[in-house]
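This briefing walks through one protein model and the ligand that goes with it. Keep the sequence and the 3D view open while reading.

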Amino acid sequence: MKIRKLNKKEKIPMDLLLLADPSEKMIHNYLKQGVCFVGELDGQIIGVFVLSQQEPNIVEIMNIAVDEDYQGKGIGKQLIHHAIKSAKEEAYQTIEIGTGNSSIGQLTLYQKCGFRIVGIDRDFFVRNYPEPIYENGIHCRDMIRLVKEL
Ligand code: COA
C-alpha cells in the first residue's frame, strides 16, 4: 500500500471518512485545517486519515478509516504508524486521538500502537451528534482521549 497526502484538487474520500465519523459537517470542519492522507492499493483508495494541529507541538488524528473489504488485514495499523512517522518528521512532540467509549476494536488498536488513555470527555457524542450512536450494543456517549509522546 502506498500512503500519500491527498492532493487539494482530488475528491475527498467521504465514504471512507464517514465510516469513522457519522457527521459530514464535523468532517468538513476538521478537513479545513487538517491534512488528509490516503492509502492506495492498485490505484484504489482503501484507507484514509486526517492529521490536524491542535497546539504548536500537538497534532491529532481526527479520522482514520479502512475500506470495509480491507479491514482486519493490518492496514489500520500501517496508517497509524505512518501518522506517527509524519508527526515526528514535522517535529510534533505529542500525537493524540479520541474514540468512543463503545469503540472496543479501536481502543485495542490504538493501545497496541503505543497510545495511552489520558482522559474522558464525558458526553462528547451526546453534545455534538444529533442522533444517538450505538456500537457493540453500547451507547456511545463519552470520548476516550489517548496520547502518544513522540
Ligand atoms: N477487537 C480486537 N482487536 C482489534 C479489533 C477488534 N474489534 N479491531 C482491530 N483490532 C486489533 C487487531 O487485532 C490488530 O492487532 P494485531 O496487529 O496485534 O493483530 C490491530 O488492532 C490492527 O488491526 P488492523 O487490521 O490494522 O485494523 P483495520 O485495518 O481493520 O483498521 C480501523 C482499524 C478502526 C481503522 C477500521 O476497522 C475501520 O475503518 N473502522 C471503521 C472506522 C472507525 O471506526 N474509525 C476509527 C474511529 S475512532
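**Briefing: loops, helices and the ligand site**

Pro22 lies in the loop that runs between α1 and α2, the latter covering residues 24-33. The model is predicted, and side-chain atom pairs count only at pLDDT 80 or more.

**The ligand and its shell**

- The ligand takes up the space of the largest pocket.
- A shell of 20 residues surrounds the ligand, and the closest are Ile64, Val66, Gly74, Lys77 and Gln106.
- By type, the shell around the ligand holds 8 nonpolar, 9 polar and 3 charged residues.
- Five elements supply at least two shell residues each: α1 (14-20), β4 (58-66), α3 (75-89), β5 (94-100) and α4 (104-112).
- Among the contributors to the shell, α4 gives the most, with 6 residues.

- Gln106 places a polar side-chain atom 2.6 Å from an oxygen atom of the ligand.
- For Val66 the atom concerned is a backbone N or O, and it lies 2.7 Å from an oxygen atom of the ligand.
- Gly74 also takes part through its backbone, where a polar atom is 2.7 Å from an oxygen atom of the ligand.
- On its own the ligand has 940 Å² of accessible area, and the protein covers 69% of that area.

- Leu17 is part of helix α1.
- Is Leu17 buried or exposed? Leu17 counts as buried, because its relative accessibility is 0% and the limit for buried is under 20%.
- Between Leu17 and Ile75 there are 58 residues of separation in sequence, and their C-alpha atoms are 15 Å apart in space.
- Ser102 sits in the loop between β5 and α4.
- Ser102 has a relative accessible area of 0%, so this residue is buried.
- Which side chain does Ser102 meet in a polar contact of 2.7 Å? The partner is the side chain of Glu135.

**Exposed residues and their distances in space**

- Pro22, in the loop between α1 and α2, counts as exposed because its relative accessibility is 54% and the limit for exposed is over 50%.
- Pro22 and Ile133 are separated by 111 residues in sequence, while their C-alpha atoms are 8.8 Å apart.
- Asp42 occupies the loop between β2 (35-41) and β3 (44-55).
- With a relative accessible area of 81%, Asp42 is exposed.
- Asp42 and Lys2 are 40 residues apart in sequence, with a C-alpha to C-alpha distance of 9.0 Å.
- Arg127 belongs to helix α5, which spans residues 124-128.
- The relative accessible area of Arg127 is 53%, so Arg127 is exposed.
- Along the chain, Arg127 and Arg141 are 14 residues apart, and 8.7 Å separates their C-alpha atoms.

**Positive phi angles in loops**

- The loop between β6 (116-121) and α5 contains Asp123.
- Asp123 has a phi near 65°, which is a positive value in a residue other than glycine.
- How exposed is Asp123? Asp123 is partly exposed, because its relative accessible area is 34%, which falls between the limits of 20% and 50%.
- Asn136 is located in the loop between β7 (133-135) and β8 (138-140).
- The phi of Asn136 is near 50°, again a positive value in a residue other than glycine.
- Asn136 is exposed, with a relative accessible area of 56%.

Methods
Residues numbered from 1 in each chain as written. Predicted model: local features only at pLDDT ≥ 70, side-chain atom pairs only at ≥ 80, totals over all residues. Heavy atoms only, no water. Helix = DSSP H or I, 4+ residues; strand = E, 2+ residues; numbered from the N terminus. Buried < 20%, exposed > 50% of the residue type's maximum accessible area, 1.4 Å probe, protein only. Near = heavy atom within 4 Å. Polar contact = N/O pair within 3.5 Å; in protein donor to acceptor, adjacent residues only side chain to side chain. Areas by Shrake-Rupley, 256 points an atom, 1.4 Å probe, with all protein chains shown as cover. 1 Å grid on protein atoms, 1.4 Å probe; cavity = no way out; pocket = protein on both sides within 12 Å on 5 of 7 lines; lining within 4 Å. Sits in = over half its atoms within 2 Å of the grid points. Nonpolar A, V, L, I, M, F, W, Y, C, P; charged D, E, K, R; others polar.
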